[in-house]
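Student: I would like to go through this model with you. Could we begin with the terms and then turn to individual residues?
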Amino acid sequence: MLWGIQPVLASSHREAPLIANDPLADNTDLYAFRSPDDPNTITIIANYIPAELPYGGPNYYTFGENIRYEIHIDNDASIPGDEIVYRFTFQRTNEDPTTFFNIRLGAQNLKTTYTLERSMDGGDSFETIVSNGVVPPNYIGPRSIESGVGLNTTYAQLMQDAITDSSTGETVFAGPVDDPFYVDLGGIFDLGNSPRQNGENRDGLARYNVHTLALKIPISFLLKAGAAATPANILDGDYVIGVWASASRQAVRTLNFDGTSETSGDWIQVSRLGMPLTNEVVIPIGMKDYWNGLTPYDELTDTALDGFFYNPELSLYMNDDQFGGAVPAFSALRIQRNSLQGFDFGNGQDGLYALKGSDAVAGTALDDAIFGTLLLPGPGLPRSVDLWPIFHTGAPNFPPYQLATGKNGNPLAAGKPFINNFLPNGGDMLRLNMAVPVTDRDDPAFSSLGLVQAAVLGLTDPTYAGTADLEFIPNMDGFPNGRRLQDDVTRIELQAVSGIVLAAIGLWYDDYTAGGANPVTQDLVDVLTYSTGVEQNDKPFSNTFPYIAAPWAGTEVE
């Protein structure tokens with residue numbers, strides 16, 4: 001026998017060194033949103049197996065055996081750890097092992113089924129809620145799926161037949177789909193050449209597939225203990241959840257001489273994902289595997305990674321005093337170095353720290369008496385008030401985290417509410433306020449810019465900017481308040497690094513003079529209109545669960 005120890009790996013579209021060796025356990029993306037056609041439910045989508053070639057036979061990608069795929073939900077920051085866990089495990093069988101074809105005469109090889117378990121006590125105990133769940137085969141091509149010598153059906157019917165209801169009331173789908181993430185991977189990783197300065201922008205994930213786990217869950221299942229059945233308002237803090245996904249393998253794999261293998265030992269988390277692009281572009285390569293070995297709950301006390309959010313590498317390329325000139329594609333993105341002629345958010349600068357303990361921050365979220373030292377932990381950590389909380393706590397509906405509308409020039413004053421996904425458990429998660437209404441996908445106001453667009457409307461559109469009262473603004477249900485399939489998270493996160501959140505609350509860009517009439521300056525317009533050049537998925541999304549487009553067929557991709 002040959003013995004091997006499975007190492008701790010890292011996650012998401014091959015962005016960490018070790019996970020590239022274990023694609024079946026690799027988280028690629030996570031989504032959480034209020035279901036647009038069923039708003040009393042939340043849809044959570046966790047994708048795995050990056051960059052699947054649709055024609056990748058004869059051994060097509062599918063979910064791995066001996067892997068625990070889990071979706072974790074936290075709804076109460078006062079209780080350590082998860083409150084709810086969904087666990088998928090998969091089994092494969094060959095119905096016709098005499099052929100090299102994957103599908104022939106109604107039989108499937110690598111036919112995959114799953115068991116879904118649910119824990120409502122943080123993982124201490126599990127109950128099975130789906131047995132022998134059906135995973136559709138890969139979309140090999142029309143002869144394999146549609147013809148009489150194949151399965152004699154349609155792929156749409158296979159997907160529909162795979163949607164099932166659990167014994168406890170969730171709706172479930174597991175199977176191959178089009179990769180819904182869109183980004184110019186080639187340009188981004190060519191030293192930030194996005195949009196490309198020479199040549200056409202290209203969706204690097206177009207015509208690739210992934211495998212998805214999709215759950216549609218009644219909101220009532222996800223509420224914290226003691227929360228009212230009806231929210232007090234559209235930003236009710238009792239309706240905030242945090243979501244993250246993971247994959248785990250047993251520590252030891254034994255390879256036998258007959259070609260079989262066995263696994264044993266403790267289950268080790270080998271992949272995790274919460275916010276998009278965290279481990280891809282925020283965490284440096286030397287720390288990616290370390291980040292992936294932590295749970296989100298470890299991050300509150302393990303401060304080794306905080307510095308990459310307080311002083312993010314990307315901001316160096318949005319600062320003319322540092323390396324801004326080296327990345328011309330980011331020329332529209334510039335951070336505030338002299339906001340209101342007094343606050344410098346460049347790397348290594350103090351941001352708002354000079355106000356710590358002063359009357360100016362008394363009674364705000366930056367007051368140590370309100371949220372402790374989470375948001376102003378020390379000097380030289382300028383992005384502790386925007387980037388760090390976006391990824392680690394969410395934003396409260398509390399000054400200064402309200403729009404500048406109604407603040408009369410004081411960014412620390414109360415303003416117009418537009419977000420409350422505050423769940424201060426310290427870790428990287430998608431945080432979603434389930435009380436926020438859905439923006440109809442067919443509404444002309446729907447925008448892939450999510451909360452950035454909601455902020456723009458709340459600051460400039462007379463329909464919303466005429467009052468500081470709480471009201472629904474289209475796209476308040478968008479990233480980073482959860483994540484919808486359509487949300488352009490690459491663009492939003494680059495805008496966030498460039499200080500768009502600071503501007504939204506009244507810490508305007510340097511070309512605005514404090515006390516001036518119009519803070520909508522050229523610097524702000526440049527950030528808002530920045531684009532990577534890839535602004536939508538290569539396939540339209542569905543209007544019904546699981547909402548993701550069907551996978552590409554192996555015969556239609558070059």
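Tutor: Let us begin with burial: a residue is called buried when its relative accessible area is under 20%, exposed when that area is over 50%, and partly exposed in between. Please keep in mind that this is a predicted model.

Student: Where is Asn-537, then? And is Asn-537 buried or exposed?
Tutor: Asn-537 is in the segment after α15 (522-529). Its relative accessibility is 9%, so Asn-537 counts as buried.

Student: Which side chain does the side chain of Asn-537 join in a polar contact?
Tutor: The partner is Asp-178, and the contact between the two side chains is 2.8 Å.

Student: Leaving aside neighbours within four places in sequence, what is Asn-537 in contact with?
Tutor: With that exclusion, Asn-537 contacts Asp-178, Asp-179, Pro-180, Phe-181 and Tyr-182.

Student: Moving to helix α2: which of its residues are buried?
Tutor: In α2, which spans residues 155-162, Tyr-155, Leu-158, Met-159 and Ala-162 are buried. They are on the same side of α2, because they cover an arc of only 95° around the axis.

Student: Why would residues three or four places apart point the same way?
Tutor: An α-helix has 3.6 residues a turn, so residues at that spacing point the same way.

Student: What covers the buried residues of α2? And which residues are exposed on the other side?
Tutor: The cover includes the strands β9 (127-134), β10 (164-165) and β11 (171-178), together with the helix α1 (142-145). On the other side of α2, Ala-156 and Asp-161 are exposed.

Student: New topic: which residues does a cis peptide bond join?
Tutor: Pro-58 is in the loop between β3 (41-52) and β4 (67-74). Another joins Pro-399 and Pro-400, again with omega about 5°. Pro-400 is in the loop between α10 (387-392) and β15 (430-433).

Student: And what about phi of Leu-110?
Tutor: Phi of Leu-110 is near 55°, a positive value in a residue other than glycine. Leu-110 sits in the loop between β7 (107-108) and β8 (111-119), and is partly exposed, with a relative accessible area of 22%.

Student: What is phi of Arg-207, and where does that residue lie?
Tutor: Phi of Arg-207 is near 65°, also positive in a residue other than glycine. Arg-207 lies in the loop between α3 (185-188) and β12 (209-218). Its relative accessibility is 36%, so Arg-207 counts as partly exposed.

Technical notes. Residues are numbered from 1 along each chain as its sequence is written. This is a predicted model: local features need pLDDT of at least 70, side-chain atom pairs count only at pLDDT 80 or more; totals for chains, interfaces and linings use all residues. Side-chain values use heavy atoms; hydrogens and water are left out. Buried means under 20% relative accessible area, exposed over 50%, partly exposed in between (1.4 Å probe, protein chains only). Helices (H or I, at least four residues) and strands (E, at least two) are DSSP runs, numbered from the N terminus. The arc is that of the directions from the helix axis to the C-beta atoms. Contact means heavy atoms within 4.5 Å. A polar contact is a pair of N or O atoms within 3.5 Å; within protein, one must be able to donate a hydrogen and the other to accept it, and residues adjacent in sequence count only if both atoms are side-chain atoms.
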